[in-house]
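These are my notes from a first look at this structure. I begin with helix packing, then turn to strands and the ligand.

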Amino acid sequence: MAGLFIAFEGGEGAGKTTQSLLLAERLAERQTPHLLVREPGGTELGEYLREYLKSERPLSPEAELLLFEAARTELVTSQILPALAAGQVVIADRFFGSTIAYQGYGRGLDLQVIESLNRFAAGPAAPDLTILLDLSPEAGIRRAMSFQTSFSPDASGGLAPMQRNAEGTRFEDLDLEFHNKAREGFRAQAEAHHDKWVVIDALGPIESVQEEVWKLTRERLYPDEAEPAATAESPTPVNPGPQGELWPQAT
Ligand code: ATM
C-alpha cells in the first residue's frame, strides 16, 4: 500500500492530539498531502459512538470493545484506506494499540480475541510507525486536568471554572490501577514490535517531542534528505492551532 501511516498512542495527557496537530502543520508547510484522524471518531458513526463511549452511560467491557471496533472499521474503510491508496500520510490520534492497552490490559479482555477483532476491523490498514508518548498516569492526569479546566467570567463578574472538555469521562474516571495497566499494555506492545513502535518520553517540552516526531517522520518520508545542520535558531514556534468541531481538545 502506498502512503505512510503514523499512529500516536499513549495515556491521557500524553500530548497525542497536540503532537498530531503539529505534525500535520509541518506536513502542510511542505505541501505533503495528509489526513489527520482520531479514534474513536472521524466519521458520522464514529463521532456518534465516541459520544456514547466517553459518556458514563451503561456499557459492558465486551460491548465497549465492539463499539470501538465498529468505529474503527468505518474510519478505515471510508477515510484511511482511500488516503493511503492516494499516497497520503495518515496521522491517527490513537489506533488499535489503544484497544490492546485499554480493553485488553485495562479491562482484562482476551488479547487474542482483541487482536483478531483489530485485524478484522482494520483490514489491510496497519500503522507503519506507532509513536508511543509515554508518561506515568499520575503526570498525565495532572496535565490533562490543566488542559480541561479554564476560567471564564461568571454573571457576578468573578471567575468561574469552565469545563473545556464537554465530553464524558468514562475513562478518566477509572482508577490509577486501570491506567497503570493500560500503560503496561502500551509498553509491552512497543517492546514486542520495536521495528514499528518508538517510545518517546512525553514529559519533555512540547518542542523537543515535536522534533523527535519530525525526525522519525522525515526519515521515513524523505529518506534521501540530508539531516539539516544544527543551528542556533529557535525551534518552530508551537501553536496547537484552532481545533475544529471534530477535534475539540488537545490531550
Ligand atoms: P481521547 O481521544 O480523548 O484520548 O479519548 C478516547 C478514549 O477512548 C481514551 N480514554 N482515555 N484515557 C481511550 C479510549 N479508547 C479505548 O479504550 N480503546 C480504543 O480502542 C480507543 C481507540 C480508545
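Entry one, a helix pair. I looked up α4 and helix α5 (residues 111–122), which pack at an angle of about 150° with their axes 10 Å apart. I keep in mind that this is a predicted model. Angles over 145 degrees count as roughly antiparallel, so I put α4 and α5 down as roughly antiparallel to each other. For handedness, I noted that α4 and α5 cross in the right-handed sense.

Next I asked which residues of α4 and α5 meet. On the α4 side I found Phe96, Thr99, Ile100, Gln103 and Gly104, and on the α5 side Leu111, Ile114, Asn118 and Ala122. I sorted the residues of this contact between α4 and α5 into five nonpolar, four polar and no charged.

Entry two, another helix pair. I turned to helix α1 (residues 16–29) and helix α8 (residues 206–221), whose axes come within 10 Å and cross at roughly 55°. That angle makes α1 oblique to α8. I recorded the crossing of α1 and α8 as right-handed. From α1, the contact takes in Thr18, Gln19, Leu22, Leu23 and Arg26. From α8, I listed Ile206, Val209, Gln210, Val213, Trp214 and Thr217. The residues where α1 touches α8 came out as six nonpolar, four polar and one charged.

I checked how strand β1 (residues 4–9) is joined to strand β4 (residues 129–134) and found four bridges, with the two strands running parallel. Which residue in β4 is the bridge partner of Glu9? I found Leu132 there.

I then followed β4 to strand β7 (residues 197–201). β4 and β7 pair over five bridges, in the parallel sense. Here I noted Leu133 standing opposite Ile200 of β7.

Entry four, the ligand. I asked which residues around the ligand come nearest. Of the 12 residues there, I wrote down Glu39, Ser98, Thr99, Tyr102 and Phe171 as the nearest. I also looked for the helix that gives the most to this shell, and it is helix α4 (residues 96–106), with four residues. I divided the shell into four nonpolar, four polar and four charged residues.

Last, I went back over my lists for α4. Thr99 is among the α4 residues that meet α5, and Thr99 is also one of the residues that come nearest to the ligand.

How values were computed. Residues are numbered from 1 along each chain as its sequence is written. This is a predicted model: local features need pLDDT of at least 70, side-chain atom pairs count only at pLDDT 80 or more; totals for chains, interfaces and linings use all residues. Axes are lines fitted to C-alpha atoms, for helices over the stretch in contact, and angles run from 0 to 180 degrees between N-to-C directions. Angles under 35 degrees count as roughly parallel, over 145 as roughly antiparallel, 65 to 115 as roughly perpendicular and the rest as oblique. A crossing is left-handed if the near helix is turned anticlockwise from the far one by less than a right angle, and right-handed if clockwise. Two residues are in contact if their C-beta atoms, placed from the backbone, lie within 7 Å. Ala, Val, Leu, Ile, Met, Phe, Trp, Tyr, Cys and Pro count as nonpolar, Asp, Glu, Lys and Arg as charged, and the others, Gly among them, as polar. A residue is near a molecule or strand if its C-beta atom, placed from the backbone, lies within 6 Å of it. Two strands pair if DSSP finds at least two bridges between them.
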